[in-house]
Amino acid sequence: MKERITQDAIWRYPDSGMTGQTEDEVGPGAILEQLRQVFRGTQRFVSVKAAEADLSPLDYFALTRIEVTKGMSGVALGRELGLGRSSMTGLADRLEDAGLLRRRAHPTDRRVVMLTATAKGRRVVERSLTPVLSDLSKAIEKLSSKEQVAVSRMLVDVAAALERSSDSDATPSPMVPRIRTPSRRPARP
């Protein structure tokens with residue numbers, strides 16, 4: 001019988017060491033506990049890598065987003081991070097002063113400021129992300145194609161559930177960028 005997700009199911013497995021490796025261990029409560037561990041591990045990873053780079057977690061996260069996207073506008077990054085203009089300007093100033101970020105005018109719209117990582121910024125991101133991405137890739141490669149599809153669908157559903165349950169009036173956490181879904185909000189003209 002399938003386990004129904006209840007408050008009891010959510011809290012049944014706190015730090016129980018359950019791995020979810022057998023059918024007896026897999027269920028909504030165990031999966032929710034594993035997601036909690038992933039979130040906690042992600043926060044710890046960002047904090048450690050930020051400290052290693054002598055950055056705040058927010059500045060580190062912003063630098064990784066800028067590098068992974070190969071550059072983005074300050075407005076777009078501010079939207080993702082839930083930052084207003086003055087906070088975004090301060091963040092860009094800190095990264096630029098550290099030699100990690102370069103500002104330049106957009107090639108076709110000079111009103112838009114584009115943010116790109118410098119060579120030093122790229123090295124910081126590469127040194128911190130390459131080992132973990134390699135480990136994650138190895139874990140994913142162990143899954144069959146069907147398992148990869150199932151995990152991918154579940155992660156999309158988890159992200160959508162988190163987005164739906166977030167308070168639209170609240171300022172998003174700078175460490176958890178909001179996920180935009182087409183069905184939630186129409187694109188601006």
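# Salt bridges, sheet and surface

At 31% relative accessibility, Glu96 counts as partly exposed. This is a predicted model. The side chain of Glu96 meets that of Arg103 in a salt bridge, with 3.0 Å from N to O. A search of the whole structure finds eight salt bridges. The chain has 189 residues, with seven helices and three strands.

**Overall make-up**

- From the N terminus on, the order of elements is α-α-α-β-α-α-β-β-α-α.
- Of the 189 residues, 25% count as buried.
- The chain exposes about 13,100 Å². Carbon and sulfur atoms supply 57% of that area.
- Take the contacts in the chain with a separation of 6 or more: residues 24 or more positions apart account for 43% of them.

- Three strands form an open sheet. Their order is S1-S3-S2, and the pairing is antiparallel.
- Strand S1 (72-73) and strand S2 (101-105) are the edge strands. Each of these two pairs on one side only.
- Helix H3 (residues 57-68) packs on the sheet and touches S1, S2 and S3. The direction of H3 makes about 95° with that of S3.
- S1 and strand S3 (residues 113-117) pair in the antiparallel sense. Two bridges join them.
- Met72 stands opposite Leu115, a residue of S3.

- Side chains of opposite charge can pair when their charged atoms come close.
- Glu33 and Arg36 form a salt bridge. Their closest N and O atoms are 2.7 Å apart.
- Both residues lie in helix H2 (residues 28-52). Three residues separate their positions, about one turn of the helix.
- Is Glu33 buried or exposed? Glu33 is buried, because its relative accessible area is 5% and the cut-off for buried is under 20%.
- Arg36 has a relative accessible area of 28%, so Arg36 is partly exposed.

- Arg103 counts as partly exposed, because its relative accessibility is 28%.
- Glu96 falls in the partly exposed class as well, at 31%.
- Asp109 forms a salt bridge with Arg111. The closest N and O atoms of this pair are 2.9 Å apart.
- Asp109 has 22% relative accessibility, so Asp109 counts as partly exposed.
- Arg111 is exposed, because its relative accessible area is 73% and the class starts at over 50%.

**Nonpolar surface patch**

- Which residues make the nonpolar surface patch? Val38, Phe39 and Leu162 make it.
- The patch covers about 270 Å².
- Leu162 sits in helix H7 (residues 145-165).

Key. Residues are numbered from 1 along each chain as its sequence is written. This is a predicted model: local features need pLDDT of at least 70, side-chain atom pairs count only at pLDDT 80 or more; totals for chains, interfaces and linings use all residues. Side-chain values use heavy atoms; hydrogens and water are left out. Patches are made of residues with over 30% relative accessible area and no salt bridge: like charges are joined within 9 Å, nonpolar side chains (Val, Leu, Ile, Met, Phe, Trp, Tyr) within 5 Å. Accessible areas come from the Shrake-Rupley method with a 1.4 Å probe; for residues, only the protein chains shown count as cover. A salt bridge is a side-chain nitrogen of Lys or Arg within 4 Å of a carboxyl oxygen of Asp or Glu. Helices (H or I, at least four residues) and strands (E, at least two) are DSSP runs, numbered from the N terminus. Two strands pair if DSSP finds at least two bridges between them. Contact means heavy atoms within 4.5 Å. Axes are lines fitted to C-alpha atoms, for helices over the stretch in contact, and angles run from 0 to 180 degrees between N-to-C directions. Buried means under 20% relative accessible area, exposed over 50%, partly exposed in between (1.4 Å probe, protein chains only).
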